[in-house]
Amino acid sequence: MSAAALAVVVVVVFFLALYLLQRYGDLRRQQRMVLLGTLLSWYLCFLIVFILPLDVSTTIYKQCILDNGNRPSPVTQARQSNQTKNKSSVNPTVSIPKVCEEPWSYIPDGILPVFWRVVYWTSQFLTWLLLPFMQSYARSGAFSRVGRIKTALIENAIYYGTYLLIFISLLIYVAAHPQWQLSWRQLQTIGITAANTWGLFLLVLLLGYGLVEIPRSYWLLSSYDYLLAKTYFKAAKVATEKASAEENLADVMEEVAGVHEAIRFNHGLRKCVDTIIGKCPAEYQEELVRNAESSRGEQNVLPTKGGLFKLHKKVISAVQRQGQTLVKWSILLEQAFHLEDVAKSQSSPLRHFTHSFPSEQNHGWVRRFIYTPTVEWYWECVCRQGFYRLLAVLLCLLSAAVVWSECTFFSTHPVLSLFAVFVQMAEKHHNYICIEMACFVSILFLCFCVYSTVFRIRVFNYYYLVPHHQTDAYSLQFSGMLFCRLTPPLCLNFLGLIHMDSAISHQDRIQTSYTSIMGSMSVLYFISDGFYIYYPMLVLLLCFATYYSLGSRCLNLLGFHQYITDDHLTSDLVDEGREHIRRERRKRQKAEDGENRRWAWRDRYGAQEGAGRSRAGYTEINDDQSSPVTETKNSVITFRRDGEEEDEQHRSLLRDHYSDEGSPNRRSTGGRYLSLSPSRAGIFDDV
């Protein structure tokens, strides 16, 4: 059963990492090495999180075996008692010392140490060596592999030198101590300590933000007025970003056009120019061809190879940014329209949810049989508010437990950490399922607070995770680096919260296999007895700062507009976003009405054409009859055919009119918004 549990966890975690990568990355267009590195980094970090509870239960079972003198498990005793059932019924009962029951997920000795060693050192190799190099390689504007490798080495020289300087400083500190003798194990521990210290420094910052923002965000999700106002605010910001991205792309395309006209097909740098043009959108490529044919006599200044490197990098960044803003704008439109529909349905006497623009997914079997308009009305207008508020209260209690435990986990007598209390109570009753569930829920909540912050933060335009396959290679690899650096110190911090780390709790207990791989922190006393204990207490100050939105207010003063309810600039942006949404609604409604009129004309005149064809067939049957009635019918049919030709011309004009009218922003027959501009439909092919 233990091997099956471990195998199931390994498979499930792999598909979880693959799903997230498919949601944020583009599996078809991005480089295979980028996708493989990101998938491997996410997969290894999720493995640590999901398998650590099994390590904890196995360690507690080993400690129980040690405390009870290596007695066999109750299963073995039960088998022996079955064989001697008659004897035991005759002999008087003898008090048997309490023994340990083997957990259902027990992992035999020797498996977890090897597993943790492979997972940890692979993740560290990715985060400190491979992924930084691949980041620079992916962002390089060079046209050859050798050029990209050279650029990546130059950019990472300072990066690697900084961490090498920190490691040398710690090495000198250990070597200067008279009581210590350097060994390979101690050098390994110093390296692990330095990496975990860096990760813990960032971990507390992200954790302090997530512990407050996540419960508050779920509480605010129950208020449609707040959500709609914030959506209007985001729409105003994204509209500005979209206009800026389109303007930036147009400027870059002008530079590409100049290079395309300057470097002809017989030039040595023409291959580089063709590579740059291949990264441009399809409509710009066609325009470049037309402009080149019409301006063959013009001569521009020839660019250098270094200039082409920079231009190549600018083209990649501009195209990616423009695609991201278009997807964000489309998502915001759908959210705003849905929230406005909810507001209308709440005030409607009919318990039936009505969509302004029903999409294709509304006609699936789930919508027809399970999530019907009536069920959707009860969920959106009745149940949703209570559900999210209850969830927010539960998350708030978990956040309070985490903050209390982070400030008191160093106290072992008495035990003040709530997580340690829960685990020790389950340990006394040998309830390994409760131990694993408590550990899993606790560490999963910690990871949710930290990882969700990683997915939300945005560092200007260099790092930003965008769903619907729009995240660039640099951001994917940067997220993988953060996960690999944050997960090991997070797990060590969790083991300290439940008093399973002897370096912090100072208890004579069997260490987990994960802690044994990390090494003893006693090599550096000022870190194990100082930084690892007192620095997590800063999470309390960060929670207060997040609760009062001090970070958002500071960013707002610096010009990075944040949604603050009592700010005048926020209200102005909300009004601006409302106007953008109204304008887009009018455009979409106009296209919808035009399409409905087209279908009405087709249904009306299509029926008349069918009737005309049936009447024509009836006269053909009677053509052989030479009678005046037949001649009268033929004249009538000729008149109707002339009228039908005029109606056909009328319908063709209508089709031409509506096809031209809805070309920039048109909808499909199912009501789906195809594109935001006439030339960028290819961006949404995989959305």
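Predicted model: local features only at pLDDT ≥ 70, side-chain atom pairs only at ≥ 80, totals over all residues.

1. Residues are numbered from 1 along each chain as its sequence is written, and side-chain values use heavy atoms, with hydrogens and water left out.

2. Helix 5 (residues 111-139) and helix 7 (residues 184-220) pack with their axes 13 Å apart and at an angle of about 60°, helices being DSSP runs of H or I with at least four residues. The contact (heavy atoms within 4.5 Å) is made by Tyr120, Trp121, Gln124 and Trp128 of helix 5, together with Gln188, Ile192, Ala195, Asn196 and Trp198 of helix 7.

3. The UniProt annotation "transmembrane region", from an unreviewed entry, covers several spans, among them residues 433-454 and 533-550; such annotations may be inferred rather than shown by experiment. Residues 433-454 are 100% helix and 0% strand, with end C-alpha atoms 31 Å apart, whereas residues 533-550 are 67% helix and 0% strand, with end C-alpha atoms 26 Å apart; strands are DSSP runs of E with at least two residues.

4. Ser411 is found in the loop between helix 13 (373-408) and helix 14 (418-428). With a relative accessible area of 14%, Ser411 is buried (under 20% relative accessible area, with a 1.4 Å probe and protein chains only). Neighbours within four places in sequence left aside, Ser411 is in contact with Leu416 and His499.

Notes
Axes fitted to C-alpha atoms, helices over the stretch in contact; angles between N-to-C directions. Buried < 20%, exposed > 50% of the residue type's maximum accessible area, 1.4 Å probe, protein only.
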